[in-house]
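Please have the structure open as I speak.

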2 protein chains.
Amino acid sequence: MSIAIAVDAMGGDFGPRVTVPATLAVLRENPSLRLTLVGDESIIAPFLSRLAPSERLRTTVLHTSEVVAMDDKVAVALRQKRQSSMRLAINLVQEGAVQACVSAGNTGALMAISRFVLKTHANIDRPAILTALPTTKGHVHMLDLGANVDSQPEHLLQFAQMGSVVAEALDGIEHPRVGLLNIGEEEIKGNELIKRADELLRQSGLNYIGYVEGDGVFKGQADVVVCDGFVGNVALKASEGVAKMLAGMIKEEIGRNWLTRLTGALAYPVWQGLRHRMDPGRYNGASLVGLTGIVVKSHGGADADAFAQALRVAVLEVEKNVPALIERRFGCAEAPATRESKTE
Amino acid sequence: MSIAIAVDAMGGDFGPRVTVPATLAVLRENPSLRLTLVGDESIIAPFLSRLAPSERLRTTVLHTSEVVAMDDKVAVALRQKRQSSMRLAINLVQEGAVQACVSAGNTGALMAISRFVLKTHANIDRPAILTALPTTKGHVHMLDLGANVDSQPEHLLQFAQMGSVVAEALDGIEHPRVGLLNIGEEEIKGNELIKRADELLRQSGLNYIGYVEGDGVFKGQADVVVCDGFVGNVALKASEGVAKMLAGMIKEEIGRNWLTRLTGALAYPVWQGLRHRMDPGRYNGASLVGLTGIVVKSHGGADADAFAQALRVAVLEVEKNVPALIERRFGCAEAPATRESKTE
């Protein structure tokens, strides 16, 4: 199967410096891949000179000089930047020219433009941001991570259904265990949203295992953890913050004196193993699920290795045809073409 | 100044095995301290035989055989267990026999009983759970961590005022920087609760620095971080979960083969330093702020070192007279004695 993916080459904190080398690396490891780099051709072209002819044939550049800045307001990105690299990459998905797009750009803009251009499947109210996170036992798919604040119980149910499809498709788990993020195992502890979502999930036919607490996420208690986007984003960022703080403390402890520097240097194999497992790049690539096409968001600060990982997530979702699986789960052959977006 | 503190000796996962040795350790390090151990005398007494006479004089045992179990429903603990070690310890605060109490017991029960027995200060709607968390630069006081779900903007304002008083009193910071936990720096990103709380905080006269994201908490961007209890609890538990997962990974990486075991052993001084800084016990002891008396909650799974730390938090709050400072900030001489609790 030939897979075509569009890359918003200008997105992220580092732009083409990171996105183009990452794209070419993934192109090399996957001979069936065709890639479209969307962005400023004068910046992108120099990177392509090193490609073998067979690789060059699988690479297209779609030139545009307009860019969504990391701090652009969503409304500006959506309404005034219709030729941005982000917008054109998403348009390519909508037109069927590619099967997925990847961007490290402004999350709010990516979500709004994707939703406007691609629409959600019928019967899905809102797309959600889903990512895999490491656990002591493997990994967990968590959603929503910030697309929806003030979610209703029905939305959490939809997130659970979408997350279940993704875990099934990407991990080959037959009945993924779905947990609802809560602050205690007692039923009394949750807020109103959680209690009502819990009732809906019990009747959903999903393999719903009940409540999961913040620490349970990383213990691998569930294959899918569902939460409101506000809560999920705070939990994700707090977790990243702690991991970074600890990594910084390890460095400081090693640098403390000659003895710690020496023994720290000797323990290099331990650090190597740890770095490999802690590497945020290994889990880069959040999916905007619920849309009629595949859109993967890379961390804005991703390096080339991490951005390549986001590209691999997109490839995998194309291979498994995740949007079609979600569409089927929600029992709708096609989203009505006349459906209006609320955002533009 | 002589300080008297009551300890719910039966609370927590380990009961007197942890609480009594911890209590005696703190008693020894602070000659002005008097401690009342509340619980089953037949279990507590054997531990006291080793005390020096001068220490024994500063130790009282208040016998009761009733205990709030970790999985007791809040209503059961509050209405049916009026002679529990937890209840009697809180009663001692209310009666003025001690200035603070410490418990590692059931959080929901501790909150409900404390609120019923001690009441909140006038002008404070709800107590909040506050704890110090490590940051790359020192520590931050975060609240609420689970006492209040579905908080209103006015509650977040009250949390901010209380947190500011605590940071001022315990850390000696003159105008503590107060941040509001949110999912992005753009004003567009927050939910309705956050936007309205942000407005209130801007007019509060506090040193309000605006939004702080999940990772910003651990970067030391603020001295006080305010959030709804649901969000705060999830963030706290997720952070604990990540820290534990990483500690487990370090162990696994060291145990991987003979080389990593050897070099890992040589790096002992690094682990020592790291363990000291990562030690959850260093930050054990969450305060139930907003009440007319001091109640400190220890982690249920705390060991003796960690439980001792919770006791030290209580001692410090007594020394600084935190409830009186909060009362003054909220401009009320005394809470009306006739005020009814909503919980019993």
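Let me begin with the two chains, where 55 residues of chain B are in contact with 54 residues of chain A, contact being the case in which the C-beta atoms of two residues, placed from the backbone, lie within 7 Å. This is a predicted model, in which local features need pLDDT of at least 70 and side-chain atom pairs count only at pLDDT 80 or more, while totals for chains, interfaces and linings use all residues. Residues are numbered from 1 along each chain as its sequence is written, with chains lettered from A and ligands numbered from 1 in the order in which they are written.

On the side of chain B that touches chain A, two or more residues come from each of α9 (214–217), α10 (229–254), α11 (258–266) and α12 (268–278) of chain B, helices here being DSSP runs of H or I with at least four residues, numbered from the N terminus. The largest share of that side, 21 residues, is given by α10(B).

Turning to chain A itself, its domain assignment gives domain 1 (3–124 + 290–329) and domain 2 (128–280), with bounds that come from an automatic or database assignment. Twelve residues of domain 1 of chain A are in contact with twelve residues of domain 2 of chain A, and α14(A) gives the most to the domain 1 side, with four residues.
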